[in-house]
Amino acid sequence: MPAFGSASTPPIDSYAFLSDTHTGALIGADGAVDWFCVPHFEGDAVFARLLDRRVGGAFTLSVAADTAPVRRYLPGTLVLESAYRAAGGTATGQDFLAVRTGDDAQPFRADMLLVRRLHVGAGSVRVRVEVTPRPGYGSRPVDWRWDHGQWVAAEAGLRLRSALPFRVDGATLRAEAVLRAGQTIDVLLGYGPGRIDEVDPAELLARTCRTWREWSDRTDYTGRGSAQVRHSAAVLRGLSFDETGALLAAPTASLPEEIGGVRNWDYRFTWHRDAALLLLALFRLGHAEEGRRYLHFLLTMCDCAGEVLTPLVGIHGVTREEAVLEHLDGYADSRPVRIGNEAAQQLQFDTYGHVLDATLSYQQLTGELTTEQWQVLRRHVDTMATRWREPDHGIWEIRGPLRHYVNSKMMAWVCLDRGVRLADLVGDHDAPVERWCGERDAIHAEVVERGFDSGIGSFVLAYDSTELDASLLRMPLVGFLAGDDPRVLSTIDRIRRDLAVAPALIRRYTADDGLPGQEGAFLLCCFELVSALALAGRREQAAELFDQLCGYAGPLGLYAEQLDADGTALGNYPQAFTHLALIEAALNLDGAGDRDALHAWAQRTVRPGTADG
């Protein structure tokens with residue numbers, strides 16, 4: 001008899017990602033929603049089986065079939081389609097978080113409905129639905145009650161409507177039925193205050209597809225890797241929070257960077273290090289309004305910050321403290337399970353460079369920076385001019401002593417360089433530009449002297465170190481040195497050799513970071529290697545590497561943070577900066593034959609007298 005699914009832990013990148021730009025859901029190939037946070041991305045995971053298959057809770061819609069369904073996203077959308085083939089019939093399902101077109105202030109509007117549809121095309125199929133919310137990240141059950149034509153789980157803030165014959169079994173709603181050709185069933189799960197007894201599921205599907213496609217059709221890139229770029233753009237839109245324009249690093253928490261290990265972090269926050277990449281990608285791909293919304297959120301966070309910019313913030317501008325959920329076993333027994341992120345308290349000087357880099361691009365593209373916004377940024381440029389000689393925690397958030405990380409110095413240089421250029425663009429003749437220029441040039445001289453180790457022929461992780469750091473592949477991308485500078489070329493070669501995990505895959509570093517175990521290849525850095533090779537004039541190598549990396553995508557075209565040597569996805573998923581780096585790599589590769597055009601769009605021209613070594 002056909003089976004209803006498997007109890008084993010699914011691979012991270014086998015999950016489909018749904019989004020209404022307000023919250024997200026992960027659905028496995030077995031038809032189970034294993035991760036769903038309400039009332040927004042940072043909220044409580046009422047389905048958390050992703051992190052504990054015993055107590056986490058799930059929402060399963062499964063079809064008895066001999067083989068796994070064939071799944072895809074409907075073109076231009078984040079609507080999942082699943083095709084089932086059983087001995088007695090065929091069926092097609094659509095799963096989506098319902099959205100509609102909004103207005104300029106909030107382009108996407110969430111209907112706050114998770115919709116699951118199944119249509120039988122031929123013969124008959126058996127279907128089973130089980131809904132077991134466990135609020136408090138799996139810590140407590142719910143009591144289902146019938147109320148005015150819908151099932152309500154008040155403890156989880158959920159309401160369910162369906163024509164299926166549900167019954168209560170403890171804390172679970174269950175239904176099972178045999179459906180025949182031509183029949184369609186819908187299960188609607190509402191997580192907001194609106195009514196779900198007056199909506200037409202077919203219209204919800206049509207409207208959601210239309211909203212996504214109207215957005216995707218504005219992605220006007222047709223160059224190298226256009227299919228991957230367009231899909232990555234949709235993923236990034238799905239990771240954007242509709243209320244504020246903030247971008248999540250990922251919609252998940254505590255997916256392991258090493259199976260069975262302790263490197264498990266909450267990524268449901270906005271990291272400022274994504275700022276420049278995101279802004280340029282949105283504008284370059286035809287989504288200027290989303291770029292404006294994100295930049296306004298970023299500058300609001302800068303205004304609210306004190307003297308020190310935090311490296312990350314919550315999607316509402318508030319960051320919760322890190323805590324351990326002792327009651328969860330973790331994905332594939334990877335513990336501890338953490339929510340919140342201690343990195344918000346770290347000192348990361350690279351943050352300033354990313355913020356100023358994004359703002360310079362914004363001003364060059366729009367000229368819309370206000371006097372008030374510039375005054376906020378001036379304060380942060382002054383901070384970096386004063387403090388760049390101090391050690392910090394570095395871009396990789398190593399939980400150990402402060403060090404003089406070379407990437408941090410390089411991005412401090414970016415902050416001051418962009419500050420000088422912005423002062424000129426906005427006509428601020430009172431800015432201390434002479435001082436900023438002097439500190440900028442001092443950083444450059446120091447990094448060239450102390451950050452490059454001639455013995456190994458590479459820039460290194462930190463001063464007085466011989467450890468490698470793949471983040472330094474960004475040197476030519478930010479204009480610190482030219483892409484064909486001999487020191488850049490030798491750094492590329494050394495990183496490719498000594499940080500290699502598998503073909504096309506590199507680690508970000510191998511230094512002792514104070515944690516047991518070892519992580520996998522860091523996909524952001526892998527795609528940045530493509531960009532570095534393109535700017536180095538090694539276009540054939542870059543193209544080959546890009547194609548290999550595209551082959552590492554999950555079955556639905558999504559990427560996690562990392563990959564093991566055997567191709568196993570690791571870390572939180574889907575990961576924004578992996579998809580951002582893919583877009584950047586494609587654009588750099590596509591423009592590699594026209595260096596002037598490439599530098600013009602990326603705003604990365606090396607300035608004489610500051611980056612010539």
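**Chatting through a predicted chain**

Colleague: How much accessible surface does the protein chain have?
Modeller: It comes to about 21100 Å², of which 48% belongs to carbon and sulfur atoms. Those areas come from the Shrake-Rupley method with a 1.4 Å probe, and for residues only the protein chains shown count as cover.

Colleague: What kind of model is this?
Modeller: A predicted model: local features need pLDDT of at least 70, side-chain atom pairs count only at pLDDT 80 or more, and totals for chains, interfaces and linings use all residues. Residues are numbered from 1 along each chain as its sequence is written, and side-chain values use heavy atoms, with hydrogens and water left out.

Colleague: OK, how many helices and strands?
Modeller: The protein chain has 14 helices and 28 strands. They're DSSP runs numbered from the N terminus: helices are H or I with at least four residues, strands are E with at least two.

Colleague: Is helix H13 mostly covered or uncovered?
Modeller: Mostly covered, since 14 of its 15 residues are buried. Buried means under 20% relative accessible area, exposed over 50%, partly exposed in between (1.4 Å probe, protein chains only).

Colleague: Buried or exposed?
Modeller: Ala504 counts as buried, at 12% relative accessibility. Ala332 also has a positive phi, about 50°, but Ala332 is partly exposed at 28%.
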